[in-house]
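Subject: Structure handover

Hello,

Here is the structure for your files. Please have it open while you read the notes that follow.

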Amino acid sequence: MGRAAQLVAEIRGELETLDREIREHPYPAALGAGNAGAEALRPFVGHQYHIVQSDLRSMATLVQRFGHTSARDFFAGVLQGEIAGLAGLLAMARKIGMDEAALADYEVAAEGFAYATFMAWQSTYASAAAFTCGILVNFEAWGYNCGRMSNALRARHGFATAELGFLEAFATMPSFEEPALAIIQEGLDHGVAERDVRRAARLFQEFEKMFWDTMERLSGRR
């Protein structure tokens, strides 16, 4: 897995500035500082409800496409995580007075839903290696921000542990570096272009930043 590990390290270096901008984003910071009330969560839970619904289908597509390969168990595991995450998100939404009907009616912004759209495209057309590298690099920053939000909501807004399950699932997600590198290396060994792997990781991160920017805008803080 030497080349895969080297490639991932190079990509992380190339995206270091963008990754830092995500991890230091002012939206979670405002929740932690008490500069945004619980109502600022409505865009987050509203968008995530539709994102998770889309991502469930995306991961199921990947299981179908690559179910005959060594990537099967990895994608199946991510799919199970998405299924579990939905229940946690519903508990979080109830805390701010949104039931599932309200979530279904929530109208997402194009910029806030772009990440899920790209994931759906990737699940249909990308190689297993490119997709896996994309989420390997991206989930670290996403999980970090979920941890920031979980801490803020517990400390500042009275959220109980049961209402933070969605955020905590990502914040405490075990590393999946080893199986991801194996999938990436197998792809490289079979002719997947490094260019495509780099592009997938960059776009996942750019859409991630776009999501947080949209949350900041819709929360009324920008």
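A nonpolar core is a set of buried Ala, Val, Leu, Ile, Met, Phe, Trp, Tyr and Cys residues joined through side-chain atoms within 4.5 Å. Buried here means under 20% relative accessible area, exposed means over 50%, and partly exposed is in between, with a 1.4 Å probe and protein chains only.

Two notes on the source. This is a predicted model, in which local features need pLDDT of at least 70 and side-chain atom pairs count only at pLDDT 80 or more, while totals for chains, interfaces and linings use all residues. Residues are numbered from 1 along each chain as its sequence is written, and side-chain values use heavy atoms, with hydrogens and water left out.

Overall fold

The chain has 11 helices and zero strands; helices (H or I, at least four residues) and strands (E, at least two) are DSSP runs, numbered from the N terminus. The C-alpha trace spans about 50 × 35 × 30 Å along its principal axes. For 222 residues, a compact globule would have a radius of gyration near 17 Å, and the chain agrees at 17 Å. That radius is taken over C-alpha atoms, and the globule rule is 2.2 Å times the number of residues to the power 0.38.

Of the 222 residues, 50% are buried. Among contacts with a separation of 6 or more, 86% are between residues 24 or more positions apart; contact means heavy atoms within 4.5 Å.

Surface and charge

The accessible surface comes to about 9700 Å², and carbon and sulfur atoms account for 53% of that surface. Areas come from the Shrake-Rupley method with a 1.4 Å probe; for residues, only the protein chains shown count as cover. There are 21 positive and 28 negative side chains, and the centres of the two sets lie 3 Å apart. Lys and Arg count as positive, Asp and Glu as negative, and His and the chain ends are not counted. Each charge is placed at NZ of Lys, CZ of Arg, CG of Asp or CD of Glu.

The core

The largest nonpolar core holds 73 residues, and those with the most contacts inside it are Leu41, Phe44, Val45, Phe75 and Leu167. Helix 8 (residues 128-156) supplies the largest share of this core, 14 residues. Leaving out residues up to four places away in sequence, Leu167 touches Phe44, Met92, Cys146, Met149, Ser150 and Leu153.

Individual residues

Ala129 lies in helix 8 and is buried, because its relative accessible area is 2%. Beyond four places in sequence, its contacts are Ile183, Ile184, Gly187 and Val192. Ala129 and Tyr106 are 23 residues apart along the chain, and their C-alpha atoms are separated by 34 Å.

Helix 5 (residues 72-95) contains Leu90, and Ala91 is in helix 5 too. Leu90 counts as buried at 17% relative accessibility, and Ala91 is buried at 13%. Not counting residues up to four places away in sequence, Leu90 touches Tyr49, Glu100 and Leu103, while Ala91 is in contact with Ala162 and Glu163. Leu90 is 76 residues from Phe166 in sequence but 8.6 Å from Phe166 in space, C-alpha to C-alpha.

Thr117 lies in helix 7 (residues 110-125). At 45% relative accessibility, Thr117 counts as partly exposed. Thr117 and Ser54 are 63 residues apart in sequence, with 8.0 Å between their C-alpha atoms.

Regards
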